[in-house]
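Me: I would like to learn how to read the features of a protein model. Could we walk through one together, from its strands to its overall shape?

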Amino acid sequence: MHISRRGVLLGAGAAGGLLLAWTLTPRRFDPPLVAGEGEVTFDAWLKIGKDGVVTVSVPEAELGQGITTLIPQIVAMELGADWRQVAVEPAPVSGVYANVPLAARWSALWMPLFPGAASDPDAYLAKRFAEGETFNAAADGTSLTAHEGPARVAAASARAMLAQAAADRWNVAWEECDAQGGFIVHDKKRLAFGELVDEAADYSPPDPAVVRVQPPLERAAEFPAGAPLRFPRLDLPAKVDGSYTFAGDVRLPDMVFAAIRHGPIGDSHLGGYDTGLAQGVKGLIKLVNGKSWLAAAASNWWAAEHALKLIAPRFSATDTADTARIGAALDKALRFGDAVRIAAVGDPDSWLGKKFEHVAGYAIAPALHATLETASATARYQGGKLELWLASQAPQAARQRAADALGIGVERVVLYPMPAGGSFDRRLENDHAAEAALIARDLGKPVQLIWSRWQEHVAGLPRSPARAILAARTAQDGSLTALKVRVAMPATTFEFGRRLFGGDDQRGAQAAQDQGDALALEGAVPPYAIPHLMVEHCPARIPLPTGRARGNGAALGCFLIETFIDELASRSGREPLSYRMAMLGQDIKLANVLQRAATLAEWSGGTVGSGEGLACHRMKVAGREGRIAVIASARRDERGLRVDKLTAVADIGRIVNVDIARQQIEGGLVFGMGLASGCTTAYADGLPLTGRLGLLGLPLLSDCPEIEVEFMDSDAEPFDPGELGVSAVVPAIANALYAAGGTRVRTLPLNAEAA
């Protein structure tokens, strides 16, 4: 295949032109990258400078997951670059970076009348949507699935073009040349990338199939914890010395700072407020009000926040969030609501219509994100054009939200992607982008809006609460023959979809709560071979808007399944590990993971008094699978829940960067500990009753246990491990508490009555 240079490449400092995106129906996009002086832009993914520096463009926000190292590493390995000369920059919002796998996974949200894109083998519909709508969202562990291939093709093409330039100098065949450490080499001859970029720009890349090498692969056994790394994180030095720039670190000329007060959760409206109460606040500039919020702008954020405290704006609100009302709505839906069948195996109607041998009820409270960085955005509006600096997992949605708020076209909004100080899916919401835009327009100068921790709890959307009943029929030896899982919760995924794709506000999106939601309950489908199975969702309308959070349906469902399986093993007098192994004949990979975790942790059998519990889980996302087993050593003492050790073994396919994979598992385990010990709040009159980070019951550094993580070797396609650890650690801890004291806990958090 011969592709013209201008079809895939922009010359040094070039402006204009079109970049060709190779899809089933080829689309053309404006070139997303701009070459600086002395740089050549190769495709949409990388630039190479005459100084040899390779700059890689990353289309997703860095949320701590390491994406700004993973994609540059893929490019560097394919290109043959020197890692010490690799730089990274955020990619602009462009359809060329469309996340097609995520669009397919969420097809029911953007195409509810015909959600066939999720099962479309060629992802034709998802491609059309994702590229046409500039869907660059980052979620559900689809980053490598979406972007590894295009990034590798771009790097392989650039490598071939550099090789052609060098080969012509040496009068040899370019296929005989290699790329190593930032040089093109042939026998004893070598030329640095920087010496070749200008000439390379005049060549056409060959068919990518001809030039691609083996995909990036690190064997976990070769890189145990603490071993020297080939590809250390690019963002680590700046995070260590404090120079890493987040949205709250942006500084613009003549910029002011804004704090905000939101109305109670419900149908709220801003009422009266006395501006005279804040007249004595030094630095206060102006108050700006919205339908359900009031913001104060000042020369510094503390003055703006203090002014709002003095003013204490009044709001009128109806149908407000209240813990008792939320619980009553969930209980009613669970007992009397119409159920939507999410999954069925065998003949559940016959087997599960008779007397059950064991039944257990569960209550799960709302879960807060508890990000270290609260919602932050900087906005500048002038000449009918808006500039935004913020971290967003859905940047095009953020642009659209801000544009709609101002009544301008989305093309008039420029977004500068920033990294986030924690997200856990919190940055899929973009209310603060619209608020910052409105405040900036009203003030006529740049403004930086930062929500206080209290406002994060008021206006941030928690993971949905739920009620559940699990019922089992067992054989004479205690083996599970039939299982019924019935869960009451709002259709939280569709509610989120109305906000992301429909542009609805929180109140309007709640209208989607009363429908079946398979994504919200995907973790409730067990990995075990159970002859007869039924999973039902009882949609519930509750007076609380809900959102996505790390773990999502996998964490909620795994908690239900794995604690209930443990109960069944105990009732039958069987050891929890062997009880599970007997049901995993159809999933040898998960059986191996579970067995390896038991060996690594020196599993004692989980007997009463041992304080050891285990759990396992399998996730499927975008056609890829990940598996994990966690063994926890936990107990209660005078300080409450204590976790002494966590051992995790995961099978996540081909590993691109072992250290980052380990960090993701470790981070997920610690995040799950927070869900187990707290990370929630009760509500009254539309307001959360917990307003401080220190009151959420999160694990402190001194609470973090010994953590041991191991990976199974695999050549399967890589699976993002970010949510695996979250899913299995909570039930492992719950089961360990039973083994420590003989008491079953069926609420989440584990140390409090669920809301």
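Reply: Helices (H or I, at least four residues) and strands (E, at least two) are DSSP runs, numbered from the N terminus. This is a predicted model, where local features need pLDDT of at least 70, side-chain atom pairs count only at pLDDT 80 or more, and totals for chains, interfaces and linings use all residues. Residues are numbered from 1 along each chain as its sequence is written, and side-chain values use heavy atoms, with hydrogens and water left out.

Me: In what sense do β13 and β14 pair, and over how many bridges?

Reply: The general idea is that strands of a sheet pair through backbone hydrogen bonds, either parallel or antiparallel. Here, β13 (residues 284-289) and β14 are antiparallel, with five bridges. A hairpin of three residues links β13 to β14, and N289 has L294 of β14 as its bridge partner.

Me: Which strand is joined to β14 by six bridges?

Reply: That is β11 (residues 256-262), which runs antiparallel to β14.

Me: How many residues of β14 are buried?

Reply: Buried means under 20% relative accessible area, exposed over 50%, and partly exposed in between (1.4 Å probe, protein chains only). In β14 (residues 293-298), six of the six residues are buried, so the strand is largely enclosed by the rest of the structure. Both faces are covered, with W293, A295 and A297 buried on one side and L294, A296 and A298 buried on the other.

Me: In what order do the six strands of the open sheet lie?

Reply: Read across the sheet, the order is β16-β24-β23-β22-β17-β31, with mixed pairing. At the edges are β16 (340-345) and β31 (747-748), each of which pairs on one side only. Inside that order, β17 (residues 358-364) is joined to β22 by seven bridges and runs antiparallel to β22. There, H358 stands opposite A472 of β22.

Me: Where is S479 placed?

Reply: S479 is in the loop between β22 (466-474) and β23 (480-489). Its relative accessibility is 24%, which means that S479 counts as partly exposed. Contact means heavy atoms within 4.5 Å. Leaving aside neighbours within four places in sequence, S479 is in contact with R473, T474, R574 and Y579. S479 and G606 are 127 residues apart in sequence, and their C-alpha atoms are 18 Å apart in space.

Me: Why does the radius of gyration agree with a compact globule?

Reply: The radius of gyration is taken over C-alpha atoms, and the globule rule is 2.2 Å times the number of residues to the power 0.38. For 755 residues the rule gives a radius near 27 Å, and the protein has 27 Å, so the two agree. Along the principal axes, the C-alpha atoms fill a box of roughly 80 × 70 × 50 Å. The protein holds 22 helices and 31 strands, and 61% of its 755 residues count as buried. Among contacts between residues at least 6 apart in sequence, 76% join residues at least 24 apart.

Key
Two strands pair if DSSP finds at least two bridges between them.
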